[in-house]
Amino acid sequence: MASAIKRVIPMLDRILIQRAEVKTTTAGGILLPEESVPKEMQGIVVAVGPGARNPGGAGHLSVGVKEGDRVLLPKYGGTKVDMDDKREYVLFRESDILAKLE
């Protein structure tokens with residue numbers, strides 16, 4: 001898994017996020033179909049690009065999140081990225097992320 005993730009390096013202000021897994025069972029043990037469970041709106045930052053280009057000069061503007069941060073995501077948007085493992089990865093711009101969770 002780590003080798004697959006190392007091959008994806010986001011460009012500019014893009015951030016690769018692993019969506020949190022959705023619970024498909026209730027507290028009572030009832031299995032729920034995947035279609036009836038809403039998307040999880042949280043995720044963990046897996047990889048971060050260098051940041052947007054600095055319009056005033058050379059270099060890049062820093063990104064507000066780092067690898068390992070938990071973030072709040074919009075319900076729709078992002079670009080799905082398929083990896084070798086079965087987890088769901090999505091690529092977002094920094095401006096699309098709603099909040100950083102602590």
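Below are my notes, entry by entry.

**Ground rules.** I'm working with a predicted model, where local features need pLDDT of at least 70, side-chain atom pairs count only at pLDDT 80 or more, and totals for chains, interfaces and linings use all residues. Residues are numbered from 1 along each chain as its sequence is written, and side-chain values use heavy atoms, leaving out hydrogens and water.

**The sheet.** Strands here are DSSP runs of E with at least two residues, helices are runs of H or I with at least four, and both are numbered from the N terminus. Two strands pair if DSSP finds at least two bridges between them.

Ile 17 stands opposite Val 90 in E5.

**Gln 18.** I found Gln 18 in strand E1. Is Gln 18 buried or exposed? Its relative accessible area is 18%, and buried means under 20%, exposed over 50%, partly exposed in between (1.4 Å probe, protein chains only). So Gln 18 is buried. Leaving aside neighbours within four places in sequence, Gln 18 is in contact (heavy atoms within 4.5 Å) with Gly 43, Ile 44, Val 46, Arg 87, Glu 88 and Tyr 89.

**Lys 100.** I moved on to strand E6, where Lys 100 sits. Lys 100 is partly exposed, at 39% relative accessible area. Not counting residues up to four places away in sequence, Lys 100 touches Gly 64, Val 65, Asp 69, Arg 70 and Val 71. Lys 100 and Gly 64 are 36 residues apart in sequence, yet 8.8 Å apart in space, C-alpha to C-alpha.

**Leu 12.** I noted Leu 12 in the loop between helix H1 (2-6) and E1. Phi of Leu 12 is near 50 degrees, a positive value in a residue other than glycine. Leu 12 is partly exposed, with a relative accessible area of 28%.

**The lining.** Last, I looked at the classes of residue lining the largest pocket: 7 nonpolar, 2 polar and 11 charged. Ala, Val, Leu, Ile, Met, Phe, Trp, Tyr, Cys and Pro count as nonpolar, Asp, Glu, Lys and Arg as charged, and the others, Gly among them, as polar.
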